[in-house]
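Subject: Handover of a structure and its findings

Dear colleague,

I am handing over the structure below for your attention. Please look through it first; the findings follow directly after it.

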Amino acid sequence: AIHQFRRHVDLFKDRVGNPRLVFEHSAWMSKQFSHFGDLFEEAVSFGLTAIQTQHPGFYYQQAANHALARKEQVARLCRDVTSAPEANMLDGEELLEFYGQRPWQAKAQGRGDALDPQTEDLGVQALQYREKTQVDHSGLVVPLLSSAVAQFKKYRCPRMKRHLMVQIAEEYYSSTDYDKALSILTHVLWDYRSERWRPLVSNILTTALKCAYLSASVPAFLMLGLEFISSWIQGTQEEKSSIQTSVFNVIEGNPPVAFPGMSPSSMSVADAAWRQMLSGQPREPLQNLDMDHIIQSIECKVQFGHSAFYADQRVCLKVFLRSNCPLPIKASGLKVHFNNQHYNGFCVVEDGDPAAAIGSLHLVPRRAQSFSFAFLPRSCDINSDIQVCSVHVRLGSSSHPSMDGSASGGGLTLAWNWGWSPSGGGGGSRLGLAWDPIPRRPFHGEEVAFHQLPQLATTRIHPRRPQVSLVLDHQPPVLVHEFYQLAITIVSEEVAPLTDVCLSLGLVDDLDPKYYSTTHFTCEPVVPKQPASKIRGFRIDDIPAGGRRKQTVLLRNSEVGTRRVFIKVEYKTEVEVDGRELCCSCCREIFLDLECIEPFAFSAKLLNLKFDPVETVRAEEQFVVQVDMESRCPLPLELISGSLKLSPHVGLVDKEFQSLVETVKLRSGEVARDLFCLVAPNPVDAPTSLGQYTLQWKREGAPVVATHAVALPSPAVQACPLLLELVAPAHGRVRTPLTVSYLLHNRTLLVQDVELVMDSSDAFMYSGNKLLHFRILPRECQTLTYNLYPLLSGYVALPRMHLVLGPGTAAASTLDGLLGEMLPSHIFIMPQARSVAPGEAISAS
């Protein structure tokens, strides 16, 4: 269909016909494109897929172009046609069959007469007159352009859509519908401004300004006029000077001067409309003009003296204004608005106020004017931001110089707004549409390179710098489970007393999460009930000027590692600033890295009564638990005592447990050892912990005792049929008889058949059973007594005993291993005492 339509248009586009009626051909071509656009749109609604480069909008646009060509042709060809012929040359036109047939030609052919050239001229004149007087060409062009706009919007062609909207506005302007034209142009100006199409913006802005002038629209004329006189907009100096004069006339309530290049008839109509607008009913207040949304003829920048101020410093702010207008401007007032309204009254300039002496409100073209302000921050704004929200400059009459941001009569208020910068930095940001760079030339006197001025619209209020110091007294490292003493001394260097002194301390926020649940802080010498990784607002007595206070903090850790601790002191004091007494809040914070280590290296072992290491124990047999503790602390440690918490299946041999490490002092690397004798009454199948050993200790000289618990070994408790004991003196003497007894306990509920064999020994002569077969009743004891006669001195071996359980049976078993574990194998024999004769004793004396 598209191909067929193109062939159809190519075939007929050059067949114009009578050159004096060429507008009829343009009307026919416009109708062809319009009809095809309708067919194309209907096909799309039925499922045809259109693309961005081929859709109905292009055909509606071509139809509008032919309609515009028709309008231009009518204006050119029908300019001299002022009346219709006396004869009705178009009578019978509705009866003709085809477009382009002429009624007078059909009548001549019906009569068989030749065509008269004069009749032809009269017919053409009738068609031209009708086209000129009865056809609303703008009414034909605007709907076609509107249809094209809808299609280009649908297929996402924003620039084509804006271009067609400008054409619609120009058509409204030519048809003297200035309000509609102004509405469309102000809408599309937003997009052209953001894309910075300078020639396009200048052209559209000129047309929109004409519409505002001809429609006597005060707000639009002021906004567009102030934008037009900017140096960024293309235009002659005379035009901009005239527009600037008109703008300030309207601000003062007077009609504007004649618009440059306007026809006298249009100016007379506009002048009447302006006089009626300004001299009629009471004038409505002018709304504030937001300068951020237009090309700025007056630019504004704000700059705090620093990015942050202290609470006892004056906040310094500078406001810079630069005019890009062709003529000087006299403003009547300036006011800065902050995010905190309390400061709004400190940054105000009024015209003619000699007390201010801040800066002149007379703005010279192409030169920056600065205004300096200073004020004291409030104490409640500490640790918060002061941000410039807007700057208001009033032009015109100063009869209502309130400058509070609300609309009021007697002038126009220009507003520059600032917001937070999304990229961070806190400087505040404002999007300028087209900053006009200052030419590269040297600056003299008070002239400032405006484009090089930094923008700083936000400042931070910090607490007053503290005049105190924190002195820490402690002895690192921190030991696990101890109450570590940290003495904090607050030394005042203020000239006034310190009041409301609060101490806060704790772990910083970026540590391993396990530290927060294993750290205790307290300002009292007691253990807190719940782990507190921070202490907030601990009150301390007031400190006089130049005085000091000491506070001791206890820190307890149950996990090794390095912790970062903050210590913060907050207080209030009176200071004098510019003759005023201010109550300032101050804060001093320091950080401290504390390493926590294990104070001891513990090891626990099981020993038999011969003090040999064992892995398992036997029921009803006594054994020894040895706990060694090695000091890893570089400082001396004092051991208070050790205590036991035993499991139910084991008990102490002695009635009372007496720790061997009481009052022992250890230095780094030294080892203390605690021993205790236990017995398990019954066998236990699975390895089970014997219990827990708790050591109480402290640093040497520390007031608080710490505890450390260690789990005891988990041996298996085995059953044993026989328990053997040796009853013998601690030592013997050569050639002096000594008596030893062997006790054999039957720990079973069966009769045990035992065979005993005692070996000979070179170190002893003995009397007793060398070979014996006997039985032991259940839970009974058999005692075997031997008289030994030592022959050698020293640590000598006892005669070796052999026991066989169940001799003569298939289940017979020897108990040599059991004897080696239960019975001592050696005894200490002292030498024989030497006899001294009485004479030798006298001579020796």
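Predicted model: local features only at pLDDT ≥ 70, side-chain atom pairs only at ≥ 80, totals over all residues.

Two strands count as paired if DSSP finds at least two bridges between them.

**An open sheet**

Strands β26, β24, β28 and β29 form, in that order, an open sheet of 4 strands with antiparallel pairing. Its edges are β26, residues 664-666, and β29, residues 706-711, each of which pairs on one side only. On average, and with direction ignored, neighbouring strands of this sheet are turned by 35° against each other.

Within the sheet, β28 covers residues 691-699 and runs antiparallel to β29, to which 6 bridges join it. Which residue of β29 stands opposite Q696? The residue opposite Q696 is T707.

**Salt bridges**

How many salt bridges does a search of the whole structure find? The search finds 27 salt bridges, and several of them are set out here.

One of them joins K13 and D10, with the closest N and O atoms 3.7 Å apart. Both partners are partly exposed: K13 has a relative accessible area of 40%, and D10 has one of 48%.

A further salt bridge, at 3.0 Å from N to O, is formed by the side chains of D593 and R564. This pair links distant parts of the chain, since D593 belongs to strand β20 (residues 580-597) and R564 to strand β19 (residues 561-577), 29 residues apart. D593 is partly exposed at 46% relative accessible area, and R564 likewise counts as partly exposed, at 34% relative accessibility.

The side chains of E620 and R779 also meet in a salt bridge, with an N to O distance of 3.3 Å. Why does this pair tie together parts that are 159 residues apart in sequence? It does so because E620 lies in the loop between β22 (617-618) and β23 (622-631), whereas R779 lies in the loop between β36 (771-776) and β37 (781-790). E620 has a relative accessibility of 23% and is therefore classed as partly exposed; R779, at 43%, is partly exposed too.

With kind regards

Conventions
Residues numbered from 1 in each chain as written. Heavy atoms only, no water. Helix = DSSP H or I, 4+ residues; strand = E, 2+ residues; numbered from the N terminus. Axes fitted to C-alpha atoms, helices over the stretch in contact; angles between N-to-C directions. Salt bridge = Lys/Arg side-chain N within 4 Å of Asp/Glu carboxyl O. Buried < 20%, exposed > 50% of the residue type's maximum accessible area, 1.4 Å probe, protein only.
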